[in-house]
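Please look through the sequence and the model below before reading on. The paragraphs that follow move from a few aromatic rings to a helix, then to the nonpolar cores and the chain as a whole.

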Amino acid sequence: MAQKKKTKAMVVSQEKLADGIYDLRLETELAQDAACGQFVGVYPKDKSTLLPRPISICEIDKEKNQLRLVYRVAGKGTAEFSNLKTGGSVYLLGVLGNGFPVDKAKPGTKAMLFGGGIGVPPILQLSKELSCEKQIVVGYRNAQCFLKEDFEQNGAVYVATEDGSVGTKGNVMDAVAANGLEADIIYACGPMPMLRAIRQYAIEHDIPAYISLEERMACGVGACLGCVCKTTHKDAHSHVNNARICTDGPVFEAREVEI
């Protein structure tokens, strides 16, 4: 695994995709080490918001040395990031976490990729890298279906919205049922209730599932133990049934974690 480092990134562009959702493209050497499903820590300049904010990687362009981060404004740190302009700079800590195991989806198999809320962006790079048949199931609050057009270039897209304005009314599992979808392997990122439902579905149908856990993080490097989750096996160091999402994850095989 590449050494984690703090480095300065240059702002290539930023645009607003939906209410509170921003699309930030950065030029950074970290692009060379990044993999789908990983994240970076973005440092605010405001010293009262000292710790870096964990933001998932949406797209990786190794040729241009760029990372694309699509994030939601949720507090002071991310509100500061939304004001970044082309030509500006920001410090990153990365690359962090373990990504999605792309090699588990063999050619000729059928994969379901789930994204919900701000767990939608990390699924985009995954959809570009998988070489099997892809069914991309994305859940939104309303008709502001950010990244939908990007997904349509990489697989068959099925949308669920809470208000029923686009696609299936309800959640991603409602979209699976409504469209009669089946799969040999599952990948998912999103809020915990969604991941619990996907985990249960995967177990009931005996399908391997790799889920990326969204969790509030502080240090991002496993030191503070602020993002621990329960596991079915004991940690080799602490000898307890815990794992640190920031370093042991954020991606886990669904059967390995108790959520």
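Y71 is buried, with a relative accessible area of 3%, where buried means under 20% relative accessible area, exposed means over 50% and partly exposed lies in between, for a 1.4 Å probe and protein chains only. The model is a predicted one, in which local features need pLDDT of at least 70 and side-chain atom pairs count only at pLDDT 80 or more, while totals for chains, interfaces and linings use all residues. Residues are numbered from 1 along each chain as its sequence is written, and side-chain values use heavy atoms, with hydrogens and water left out.

The ring of Y71 pairs with that of Y22, and this aromatic pair is stacked, at 6.0 Å centre to centre and 25 degrees between the planes. Rings of Phe, Tyr and Trp (for Trp, its six-membered ring) count as a pair if their centres lie within 6.5 Å, and planes under 30 degrees apart are called stacked, those over 60 edge-to-face and the rest tilted. The pair links distant parts of the chain, since Y22 belongs to strand β2 (residues 21-27) and Y71 to strand β6 (residues 66-72), 49 residues apart. Helices (H or I, at least four residues) and strands (E, at least two) are DSSP runs, numbered from the N terminus. Y22 is also buried, with a relative accessible area of 16%.

How are the rings of Y71 and F81 arranged? Their centres are 6.4 Å apart and their planes stand at 80 degrees, so the pair is edge-to-face. F81 lies in helix α1 (residues 76-81), 10 residues from Y71, and counts as buried at 1% relative accessibility.

In α5, the residues M194, L195, I198, R199, Y201 and A202 are buried. They cover an arc of only 165 degrees around the axis, which puts them on the same side of α5; the arc is that of the directions from the helix axis to the C-beta atoms. The face turned away from this buried side carries the exposed residues P193 and E204. Among the elements that cover the buried residues of α5 are β8 (110-116), α4 (172-179) and β12 (185-190).

In soluble globular proteins, nonpolar side chains tend to be buried together. A nonpolar core is a set of buried Ala, Val, Leu, Ile, Met, Phe, Trp, Tyr and Cys residues joined through side-chain atoms within 4.5 Å. Of the 28 residues in the largest nonpolar core, F151 and Y187 touch the most other members, and β8, α2 (122-129), β9 (133-140) and β12 each supply at least two residues of this core. A second, separate core of 24 residues includes V172, I186, A202 and I211.

Across the protein chain, the secondary structure comes to six helices and 17 strands, and 49% of the 259 residues count as buried. Among contacts (heavy atoms within 4.5 Å) between residues at least 6 apart in sequence, 61% join residues at least 24 apart.
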